[in-house]
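Reader: Walk me through this one, please. Keep it brisk.

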Amino acid sequence: MVLFFTFFATQYSGNTVIGYSAEAYRVGYANLVSIPFFIMIILVYLLFAPRMYKLSKKHNIVTPVDWLEMKFESKAVSILAAIIMLYALGNFLLEQLIAIGQGVAGLTGGTVPYQAGVIFFIVIMVVYGWLGGMRSVAYTDTMQGIALLVGVFMLLIGTIVYFGGLPAAGDYIRTYSPENLGVPEGGGLVRWTNFLILVGIGAAVYPNAIQRIFSAKSERSLKRSLTQMAWMPFLTAGVVFVIGILAYTAFPDLSVEESEQIVGMMASAIANENIIFYIAMVLLFGGIIAAIVSTADSVLLTFSSIVSKDIYGRYINQEASDNKKIMVGKIVGVIAVAFLLMVAWNPPGTLYQVFVLKLEILVQVAPAIILGLYWERSHAKSVFAGMLTGALVAAVFTFAGLTPLGIFSGVWGLIINLFIYIVGSFAFGTASAKESIAQVESSDATQAVR
């Protein structure tokens, strides 16, 4: 149960409720793609998580970089993957800062400014995470996940009761925004496919989510938790999508910036109707804030562990004590949070745009993590060349605003990454791993027989 909810809280944090509702409000029914791409994430998990779990128990793997180091024995691969993951984690943290600021400002009607919400959140996050560590994050995920689920459903019920159901919203969209009502065609379908690839694969290799795979009690409990997660896209992303559509009739004609606060505005309006919904909305925002704090804490802890263990302890100062490594990780974490505070002060884009930007780069480590589990011929040189080229292509295309043929920059990077990975591995031969996956499985089979 705890493992299920910690996966749930990682995949569906408060920024999902706030950001995805806003995106559904802006683009209409085209945002239905959020449901299948969350399903895609579960499928990718089932593809690699059980096998990676077995390896983690056998070799005491703690971070994703531990696995890459064991598999490829390459300093270049490990450091590049660590840098990409740190970038993605920083972006993930930025999402949480923006989400809490927008949520609080929307709920209070601007009485508590966006920036004040961000600063308050940072103080809570640092104290909470550093005092409790990853175990406290996992257990509190359970309570926060329940509060979030109950609160979201109450928001949906309140929205239907006081602002009308889907027929009323559909009539409004048909009259004033008919372009947001139809099924995507042509370029819209290409965009859906992009999301399925980018989010489905990229979100499955979140470093903080992979650490939860390592923390599973057993392979059976891991598979059971992932199987239960298959229902969550309908119960969470689906409900959030409907709330965004219903918001058309509650708050029409909002600007892009105003729409980012749509959940807080709707919760505030519903809470003023009667005491039951007032309590429910308090529960909802308690769950949203707690989920954001929990997600941000786990992201910050993973960020610090990659810095302290995978970079500082492994390559800079191997003789450092554990306490010194931990302190270095925490100091770098604080510096990163201070930098992100400056970025979040004036949000560089919508929550949805920040979410996609993170995955454009992070998805470039997926071939090394997933394909490396199954393909013995994977070679460190080709893995590094593919990952570096893919990340550079994704970054350049993203900042230049290039999407040739309508394909996202991260997907272009992934295609080139895979091409170099596969062709290079055929050219260079087999990787020099300490122990092949086949040997691991053979060992497992032998132990099972005994």
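Author: Start with aromatic pairs: rings of Phe, Tyr and Trp (its six-membered ring) pair if their centres lie within 6.5 Å, and planes under 30 degrees apart count as stacked, over 60 as edge-to-face and the rest as tilted. Tyr25, Tyr172 and Tyr248 form one aromatic cluster. The model is predicted, so local features need pLDDT of at least 70 and side-chain atom pairs pLDDT 80 or more, while totals for chains, interfaces and linings use all residues. Numbering runs from 1 along each chain as its sequence is written, and side-chain values use heavy atoms, without hydrogens or water.

Reader: What's the overall make-up, helices or strands?

Author: The protein has 20 helices and 0 strands. Both are DSSP runs numbered from the N terminus: helices are H or I with at least four residues, strands E with at least two. Of the 450 residues, 55% are buried. Buried means under 20% relative accessible area, exposed over 50%, and partly exposed in between (1.4 Å probe, protein chains only).

Reader: How much of the contact is between residues 24 or more positions apart?

Author: Such residues account for 86% of the contacts with a separation of 6 or more. Contact means heavy atoms within 4.5 Å.

Reader: Back to the rings. How many aromatic pairs?

Author: The rule gives 11 aromatic pairs. Phe195 and Phe408 make an edge-to-face one, at 5.2 Å centre to centre and 85 degrees between the planes. That pair links distant parts of the chain: Phe195 sits in helix H8 (residues 187-202), Phe408 in the loop between helix H18 (380-400) and H19, and they are 213 residues apart.

Reader: Are those two buried or exposed?

Author: Both Phe195 and Phe408 are buried. Trp375 and Phe426 also form an edge-to-face pair, at 5.3 Å centre to centre with 65 degrees between the planes.

Reader: New topic, helix packing. How do H17 and H19 cross?

Author: The axes of H17 (residues 366-374) and H19 (residues 409-428) come within 11 Å and cross at roughly 45 degrees. Therefore H17 is oblique to H19. In the contact, Pro367, Ala368, Leu371 and Gly372 of H17 meet Leu414, Asn417, Leu418 and Tyr421 of H19. By class, that is 6 nonpolar, 2 polar and no charged residues.

Reader: How many residues of H4 are buried?

Author: Helix H4 (residues 64-72) is mostly covered, with 8 of its 9 residues buried. Among them are Asp66, Trp67 and Lys71. Glu73 follows H4 and has a positive phi, near 50 degrees.

Reader: What about phi at Asp253?

Author: Asp253 is not a glycine, yet its phi is positive, about 60 degrees. Asp253 is in the loop between helix H11 (232-250) and helix H12 (256-259). Asp253 counts as exposed because its relative accessibility is 68%.

Reader: Last one. Why does Gln364 count as buried?

Author: Gln364 counts as buried because its relative accessibility is 1%. Gln364 sits in the loop between helix H16 (351-362) and H17. Leaving out residues up to four places away in sequence, Gln364 touches Met387, Gly390, Ala391, Ala394, Gly410, Gly413, Leu414 and Asn417.

Methods:
Axes fitted to C-alpha atoms, helices over the stretch in contact; angles between N-to-C directions. Parallel < 35°, antiparallel > 145°, perpendicular 65-115°, else oblique. Nonpolar A, V, L, I, M, F, W, Y, C, P; charged D, E, K, R; others polar.
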